[in-house]
Amino acid sequence: MKLMFVGPPGAGKGTQAVRIAARYGIPHISTGDMLREEIKNGTELGKQAKTYIDAGELVPDEVIIGMVKERIARPDAANGFILDGFPRTKQQAEALGAIAALDAVININVPDSKLIHRICGRRVCSSCGATYHESMLEDQKHCPKCGGALYIRDDDREDTVKQRLAVYKEKTQPLIEYYTNIGILHDVVGSGGIDDITETIVEVLEKK
Ligand code: ADP
Ligand code: ADP
Ligand code: ZN
């Protein structure tokens, strides 16, 4: 099953993709996570990408497309994958279309008013990569799963978040129409409980 999750920053794409990936035994491919890994490792690609990420802008298409092509060619993605945060532009969608046919695109809808609160409260584990909201955590400093140190992403500051939302509307939102026209887009309400949303996504995938 080849899936893609689309939605504004903070919609819960990563949260849901981790669960759906575990349920179907397919890899979760997050371009944001891949870029943060490159930054952490101090690679040339990471250094290039950081300037764009910190400004709330998109990393250039050719950099991202090359990275994703290499990733989905690996053996673990042979039976399917979940793309999270890619494609984000029409050019990326067309490049993807040339190498793989998606079975479904899940569009996670959350009102803007909730997104800022979600993103500003996001905490990520530096050790296992798990994502939380500060309101879920008893201990604000350590990951409940592995004990690793939690951190706040550099781009999860309110001013950068507003820029990311504007970039989403301008560059990524048009993909909703693009995938609707192909006939594979499914809308999911993303403002309820995390478990309920996972079940809704599973229902959509089983029905299609
Ligand atoms: P995205 O990958 O779309 O940017 P995340 O999955 O990282 O979004 O979620 C953003 C923030 O919102 C995180 O702090 C996460 O814990 C929280 N979150 C995710 N889903 C929900 C939900 N259904 N209800 C409340 N908070 C949520
Ligand atoms: P979120 O889950 O909050 O939407 P991501 O982790 O997916 O954020 O992405 C963080 C940043 O990484 C983006 O703001 C952008 O700068 C860069 N990025 C991630 N994926 C892409 C992509 N497909 N194309 C261009 N830039 C990307
Ligand atoms: Zn952890």
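I started at ligand 1 and looked up Gly-14: a polar backbone atom of Gly-14 is 2.9 Å from an oxygen atom of ligand 1. I count a polar contact as a pair of N or O atoms within 3.5 Å. This is a predicted model, where local features need pLDDT of at least 70 and side-chain atom pairs count only at pLDDT 80 or more, while totals for chains, interfaces and linings use all residues. Residues are numbered from 1 along each chain as its sequence is written, ligands are numbered from 1 in the order in which they are written, and side-chain values use heavy atoms, with hydrogens and water left out.

Next I checked Gly-10. One of its backbone N or O atoms lies 2.8 Å from an oxygen atom of ligand 1. I then looked up the cover: ligand 1 alone exposes 570 Å², and the protein buries 88% of that (Shrake-Rupley method, 1.4 Å probe).

I turned to the shell. Ligand 1 is surrounded by 17 residues, near meaning a heavy atom within 4 Å. Among the closest are Lys-13, Thr-15 and Arg-122. The shell holds seven nonpolar, seven polar and three charged residues; Asp, Glu, Lys and Arg count as charged, Ala, Val, Leu, Ile, Met, Phe, Trp, Tyr, Cys and Pro as nonpolar, and the others as polar.

Last, I looked for aromatic pairs and noted one.

Conventions. Rings of Phe, Tyr and Trp (its six-membered ring) pair if their centres lie within 6.5 Å; planes under 30 degrees apart count as stacked, over 60 as edge-to-face and the rest as tilted. A polar contact is a pair of N or O atoms within 3.5 Å; within protein, one must be able to donate a hydrogen and the other to accept it, and residues adjacent in sequence count only if both atoms are side-chain atoms.
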